[in-house]
Amino acid sequence: MPAPIRLRELIRTIRTARTQAEEREMIQKECAAIRSSFREEDNTYRCRNVAKLLYMHMLGYPAHFGQLECLKLIASQKFTDKRIGYLGAMLLLDERQDVHLLMTNCIKNDLNHSTQYVQGLALCTLGCMGSSEMCRDLAGEVEKLLKTSNSYLRKKAALCAVHVIRKVPELMEMFLPATKNLLNEKNHGVLHTSVVLLTEMCERSPDMLAHFRKVKNLSSSQLVPQLVRILKNLIMSGYSPEHDVSGISDPFLQVRILRLLRILGRNDDDSSEAMNDILAQVATNTETSKNVGNAILYETVLTIMDIKSESGLRVLAINILGRFLLNNDKNIRYVALTSLLKTVQTDHNAVQRHRSTIVDCLKDLDVSIKRRAMELSFALVNGNNVRGMMKELLYFLDSCEPEFKADCASGIFLAAEKYAPSKRWHIDTIMRVLTTAGSYVRDDAVPNLIQLITNSVEMHAYTVQRLYKAILGDYSQQPLVQVASWCIGEYGDLLVSGQCEEEEPIQVTEDEVLDILESVLISNMSASVTRGYALTAIMKLSTRFTCTVNRIKKVVSIYGSSIDVELQQRAVEYNALFKKYDHMRPALLERMPVMEKVTTNGPTEIVQTNGETEPAVLETKPPPPGLQPATQANDLLDLLGGSDITPVIPTAPTSKPPSAGGELLDLLGDLNLTGSPVSAPAPQIAQPPFLLDGLSPQPLFNDIAAGIPSITAYNKNGLKIDFTFERSNTNPSITVITIQASNSTELDMTDFVFQAAVPKTFQLQLLSPSSSVIPAFNSGTITQVIKVLNPQKQQLRMRIKLTYNHKGSAMQDLAEVNNFPPQSWQ
Amino acid sequence: IQFMLLFSRQGKLRLQKWYTTLPDKEKKKIIREIVQIVLSRNQKTSSFVDWKDLKLVYKRYASLYFCCAIEDQDNELLTLEIVHRYVELLDRYFGNVCELDIIFNFEKAYFILDEFIIGGEVQETSKRSAVKAIEDSDMLQETVEEYMNKPAF
């Protein structure tokens, strides 16, 4: 049999193939030859054949029949064979293969080979793809090699150890002794891999981390100072051609040291202090003209922001990021935006200074940069810059890619709600969003907007006029049409009477209004929910319009036989209103009172809703029944608000005065709850909205002087906890309890944590305490606010748990509080 | 580094190094996906792409794309330096390396990579040392004719 063709020859031949079929044919022919050669157990050419096989494997062809051959190559004495054998093993014999473990013995032998390059091959293979069993078997060998004086092997052993730890974390302990001496090396390779090993150990185990923070190595110096020294040498030392990259000495090592310092300094004051100087030095002295310098600066910034650094250093870091933002290199801008996003919560003011640069990034061509710039922009909006920012963001909304529009729209709504300088501006902004990106607006935005509009009483005429004009031209954007229909239904009378003050009133007749609403009803583009809105709006107009009542009656009766069950049901009920219950119609269809002001989820939620795009046409999704009791309240809601819960023809609700009493308000409170549901993919927390009120200044609460007596909830071992109460003006189900904890012993109580639990029918919200230390001798107190929601007005009971440190030992106690005064919950 | 891919502008794979264990099918799928993503990026975009829970860092050298997948906590800018260093090592070994060198000497490309990176982490930061180790290893090889440094094409 002729000698198998050489590797290069094969490659050249295959490359001449002009079609995929031709190539496949060549490969098959060669594979057959290789297979028969393997069968003949030909030692001389095995190496060549496997090499060819690996080439074919890279082209995408199956090569599993070469697995055993790789093993034979590894076992061979020839270095050439071993080299190819190990390469083949790394490519073909990953841990999922059955024969993977057969390598173990060979590797073990080779780890002890006399030639360091063979040892190196074994270490490399083990370190790249050794399975857990293999790692367990060979960890001892690796550990031995970690202590060798041969730096070529030592560095490989260190990375091998990293792999072992990743695969079998329990083995971490066994490498600990060997680490004592690792950083005393001069060899950069060993230094680098040792730092990687230490990083891996510290990241994985808090115990290890604590150990390394404190322990002294063989030359009696601690880890952090030692790392600082090494880093300093790198920066200060002269030109070293071996490790130089564009004038910087061994940037790879510098970055890894910075990363390890970050882990050591995190949440640890002492370590952080020890590294302040070197960080400042690196931050100011590193050349920024090339990417390599910026890579180091980037890592430095990350470290500064993550440890307990002093504020001067933090400002320095943020300024570096600011400079990055101005850099022409896109990569650097990208990296800057990512980092700023991480720090904007904690160092808000510093980031604000770079706001205009960030806003400019909105116009960048790179999608990832745009997204980050958008998220950052939302995080930076505040009362002072809201007008300017909104202008930019609205412009962005206009021109950005569809995948951004939903997030952007939500963000704008949230920011507008929090910081709107005037009602008119707010309404204008909402209008702008609805008309620009109307189909991308999220479902939950519609009820929120409606509530917002009802709140701005003086703007009703203006709002309805603008909405009317908006849908006249185009009624395909569902959220816009829904909001518009609702408003027209409510304020149609203002529309036709031309009462608008804010801008030139338009002349609209009742018929024209009905025309547009009917078009919405008929249009194919309208979703079922939208039609529901339109129909209800038409119905409401029956009490607000004077000339067109008959027309309305006709429309309503037509839809009594609509295929859409939802519409049909509504139409039938409305019909009934016209016929049997006509006397109730005015009362039922009265103007909605102002709804309770409710804050929705905070702006940070935007960051989490990345990448989540709602389809353009909104699905009909009934809001979750949630906290709504299935009472008569539902029925009234149905006719007025448009929720989709099973409607029932109402029995006589007593005619209520227009300034609704408590009951109606409660119903509308419920409406708000359905108005802020969780849309399925969004990781938002659907907390009952009114509990969030406390996060903003509290206009809704009585003062304490309303006279609810305070109680002592707990008094034991020198710790006394008093409760004082407040009740909400507008929502009688909320009680706000302020606890005060005081300490009459002669030693402070530290790490004080107060926890509370209430029975199932209640809901509880604990705000942050004023501190965690109760000073001794009653010289100070900790205060904390608890809000309790008690919709069923049951007797308030609470179980509390207290944990704290006192006189050197950890204390813990549980207690029940049963002595709440009746005024606090009735 | 989780994996590194080298591919041409036509999408042909020239080198694949995986530092995590995945089924073959999965690897092929990933390669197809990533090649498509990277080849469709234009000049004006950055070198970084968010992909699943990893970050892709890529750079084009002549007709070859070098693409690394790194984890969230890894430094993207440094990864660019790592890629550049690998290219420098190839250049030093082959002398003015070009794509053909890597095609015809793919096993050498792997050997050099394995002297530079183990288990996804850099093992040697000195250019000289890494290349010297390869050259010394070459000397140990028994059949010299098979593995000359720069064979004629």
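## Exercises on a two-chain predicted model

Chain A and chain B bury about 6,300 Å² between them, 54% of it on carbon and sulfur atoms. Buried area here is the accessible area (1.4 Å probe) that two parts lose on being put together, summed over both. This is a predicted model: local features need pLDDT of at least 70, side-chain atom pairs count only at pLDDT 80 or more, and totals for chains, interfaces and linings use all residues. Residues are numbered from 1 along each chain as its sequence is written, chains are lettered from A and ligands numbered from 1 in the order in which they are written, and side-chain values use heavy atoms, with hydrogens and water left out.

### Exercise 1: the interface

Describe the contact between chain A and chain B.

Step 1. Count residues. Contact means heavy atoms within 4.5 Å. On that basis, 68 residues of chain A meet 66 residues of chain B.

Step 2. Arg8(A), Arg83(A) and Phe252(A) supply 13% of the area that chain A buries against chain B, more than any other three residues.

Step 3. Count charged pairs. A salt bridge is a side-chain nitrogen of Lys or Arg within 4 Å of a carboxyl oxygen of Asp or Glu. The interface of chain A and chain B holds 11 of them.

### Exercise 2: Glu121(B)

Which salt-bridge partners does Glu121(B) have in chain A?

Step 1. Take Arg256(A). Its closest N and O atoms with Glu121(B) are 2.8 Å apart. The pair crosses between chains, from strand 7 (residues 121-122) of chain B to helix 13 (residues 251-265) of chain A. Helices (H or I, at least four residues) and strands (E, at least two) are DSSP runs, numbered from the N terminus.

Step 2. Take Arg166(A). Its side chain meets that of Glu121(B) at 2.9 Å, N to O.

Step 3. Check burial. Buried means under 20% relative accessible area, exposed over 50%, partly exposed in between (1.4 Å probe, protein chains only). Glu121(B) has 10%, so Glu121(B) is buried. Arg256(A) has 8%, so Arg256(A) is buried too.

### Exercise 3: an aromatic pair

How are the rings of Tyr117(A) and Tyr152(A) arranged?

Step 1. Apply the rule. Rings of Phe, Tyr and Trp (its six-membered ring) pair if their centres lie within 6.5 Å; planes under 30 degrees apart count as stacked, over 60 as edge-to-face and the rest as tilted. The count comes to 15 aromatic pairs over all chains.

Step 2. Classify. The centres of Tyr117(A) and Tyr152(A) are 5.2 Å apart and the planes stand at 70 degrees, so the pair is edge-to-face.

Step 3. Locate. Tyr117(A) sits in helix 7 (residues 116-129) and Tyr152(A) in helix 9 (residues 151-167) of chain A, 35 residues apart. Tyr117(A) is buried at 13%, and Tyr152(A) is buried at 10%.
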